[in-house]
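Here's a walk through one model, from the overall surface down to single side chains. Have a look at the fold before reading on.

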Amino acid sequence: MIAIDSGQIAAMTAQLRAAVARVQTVATGAASAASAPAASKPDFAQALREQLDQVNGLQQKSQQLGERFSLGDDSVHLSDVMIAGQKSSIALQATIQVRNKLVAAYQDIMNMQV
């Protein structure tokens with residue numbers, strides 16, 4: 001298993017915070033447009049979904065670049081294919097680490113004595 005350093009974890013945390021901020025901005029705009037009196041809360045599921053969509057997009061882009069390069073497209077360079085592949089790999093590894101932390105937190109909560 002490939003280890004992820006603290007810099008990558010900090011970068012992923014910053015991305016999650018940015019996604020939550022975007023969701024809050026959109027939710028605040030929607031709440032003010034609807035004139036709802038209740039304050040909007042950040043939606044964790046929405047932020048997580050956006051991050052998963054972003055990882056999926058990176059993987060699809062990497063696959064498309066690889067296919068275009070292997071078909072002989074002169075506009076696609078090998079370095080672009082390799083960089084896209086590494087970006088998608090790092091994003092997937094970070095997502096797996098986040099999933100592992102969420103599962104561990106869930107298990108800790110379930111094992112608490114009440």
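## Surface and overall fold

The protein exposes about 8600 Å², and carbon and sulfur atoms supply 61% of that. Accessible areas here come from the Shrake-Rupley method with a 1.4 Å probe, and for residues only the protein chains shown count as cover. Keep in mind that this is a predicted model, where local features need pLDDT of at least 70 and side-chain atom pairs count only at pLDDT 80 or more, while totals for chains, interfaces and linings use all residues. Residues are numbered from 1 along each chain as its sequence is written, and side-chain values use heavy atoms, with hydrogens and water left out.

As for secondary structure, there are 3 helices and 0 strands, giving the pattern α-α-α along the sequence. Helices (H or I, at least four residues) and strands (E, at least two) are DSSP runs numbered from the N terminus. Of the 114 residues, 16% count as buried; buried means under 20% relative accessible area, exposed means over 50%, and partly exposed is in between (1.4 Å probe, protein chains only). Among contacts with a separation of 6 or more, 61% come from residues 24 or more positions apart, a contact being heavy atoms within 4.5 Å.

Helix H1 covers residues 6-34, and Thr 13 sits in it. Thr 13 counts as partly exposed because its relative accessibility is 30%. Along the sequence Thr 13 and Val 98 are 85 residues apart, yet their C-alpha atoms are 9.3 Å apart in space.

Gln 8 is also an H1 residue, and at 29% relative accessibility Gln 8 counts as partly exposed.

H3 takes in residues 78-110. The buried residues of H3 are Val 81, Ala 84, Ser 88, Ala 91, Gln 93, Ala 94 and Thr 95.

Not counting residues up to four places away in sequence, Thr 95 touches Met 12, Leu 52 and Val 55.

## H2 and what follows

Helix H2 (residues 44-70) has 27 residues and reaches 39 Å from its first C-alpha to its last, close to the 39 Å expected at 1.5 Å a residue. Its buried residues are Ala 47, Gln 51, Val 55, Ser 62 and Leu 65. Leu 65 is buried because its relative accessible area is 14%, and, neighbours within four places aside, Leu 65 is in contact with Val 76, Asp 80, Val 81 and Ala 84.

After H2 comes Gly 72, whose phi is positive, near 95 degrees. Asp 73 forms a salt bridge with Arg 68, the closest N and O atoms being 3.0 Å apart. A salt bridge is a side-chain nitrogen of Lys or Arg within 4 Å of a carboxyl oxygen of Asp or Glu, and by this rule the count comes to 1. Asp 73 is partly exposed at 28%, and Arg 68 is partly exposed at 37%.

## A nonpolar patch

Tyr 106, Ile 109, Met 110 and Met 112 make a nonpolar surface patch of about 480 Å². Patches are made of residues with over 30% relative accessible area and no salt bridge, joining like charges within 9 Å and nonpolar side chains (Val, Leu, Ile, Met, Phe, Trp, Tyr) within 5 Å. Met 110 belongs to H3 and counts as exposed, because its relative accessibility is 52%.

Terms used. Expected span 1.5 Å × (residues − 1).
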